[in-house]
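Please describe the sheet and the surface patches of this protein in a short report.

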Amino acid sequence: MMIVACAVLLILAALIVGQARILARCRFWCKSCGALFSLPWTKLLFRQHVNEEWRLTCPHCGSKGWCPARRPRKGEETK
């Protein structure tokens, strides 16, 4: 039983990290200054979000707020 619980925890951890790494390809739009920015996946692991808006701090103006995620299109540079 303990082995099954450990396996489930490892799978959940892998899914959470994988989702954060995929999300790191997105760019976020600051509603205060209008800047588009991206963050490393380590800073997105346990951030609060509702649908496509994430509670983040803008690295340009320092404003904390809800930033919509913008997924890159095919062939678009992410950084």
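The report below covers the sheet first, then a hairpin and a loop, and then the surface.

The model is predicted, and local features need pLDDT of at least 70, side-chain atom pairs count only at pLDDT 80 or more, while totals for chains, interfaces and linings use all residues. Residues are numbered from 1 along each chain as its sequence is written, and side-chain values use heavy atoms, with hydrogens and water left out.

Five strands form an open sheet in the order 2-1-5-4-3, with antiparallel pairing. Strand 2 (36–37) and strand 3 (49–50) are at the edges with a single partner strand each, so one side of each has no neighbour in the sheet. Helices (H or I, at least four residues) and strands (E, at least two) are DSSP runs, numbered from the N terminus. Two strands pair if DSSP finds at least two bridges between them. Strands of a sheet pair through backbone hydrogen bonds, either parallel or antiparallel.

Strand 5 (residues 64–70) pairs with strand 1 (residues 27–29) over two bridges in the antiparallel sense. Strand 4 (residues 53–57) is joined to strand 5 by five bridges, and these two also run antiparallel. The table gives residues that face each other.

| Residue | Opposite residue in strand 5 |
|---|---|
| Phe 28 | Ala 69 |
| Thr 57 | Lys 64 |

**Hairpin and loop**

The hairpin of strand 4 and strand 5 has six residues between the strands, and Gly 62 there takes a positive phi near 80°. Asn 51 lies in the loop between strand 3 and strand 4. Its phi is near 55°, a positive value in a residue other than glycine. Asn 51 counts as exposed because its relative accessibility is 69%; buried means under 20% relative accessible area, exposed over 50%, and partly exposed in between (1.4 Å probe, protein chains only).

**Surface patches**

Patches are made of residues with over 30% relative accessible area and no salt bridge; like charges are joined within 9 Å, and nonpolar side chains (Val, Leu, Ile, Met, Phe, Trp, Tyr) within 5 Å. A salt bridge is a side-chain nitrogen of Lys or Arg within 4 Å of a carboxyl oxygen of Asp or Glu. Accessible areas come from the Shrake-Rupley method with a 1.4 Å probe, and for residues only the protein chains shown count as cover.

A nonpolar patch on the surface consists of Val 4, Val 8, Leu 9, Ile 11, Leu 12 and Leu 15, with about 580 Å² of accessible area together. Ile 11 belongs to helix 1 (residues 2–23).

A patch of positive charge on the surface gathers Lys 43, Arg 47, Arg 55 and Lys 64. Lys and Arg count as positive. Lys 64, found in strand 5, counts as exposed at 62% relative accessibility.

Notes. Charge placed at Lys NZ, Arg CZ, Asp CG, Glu CD.
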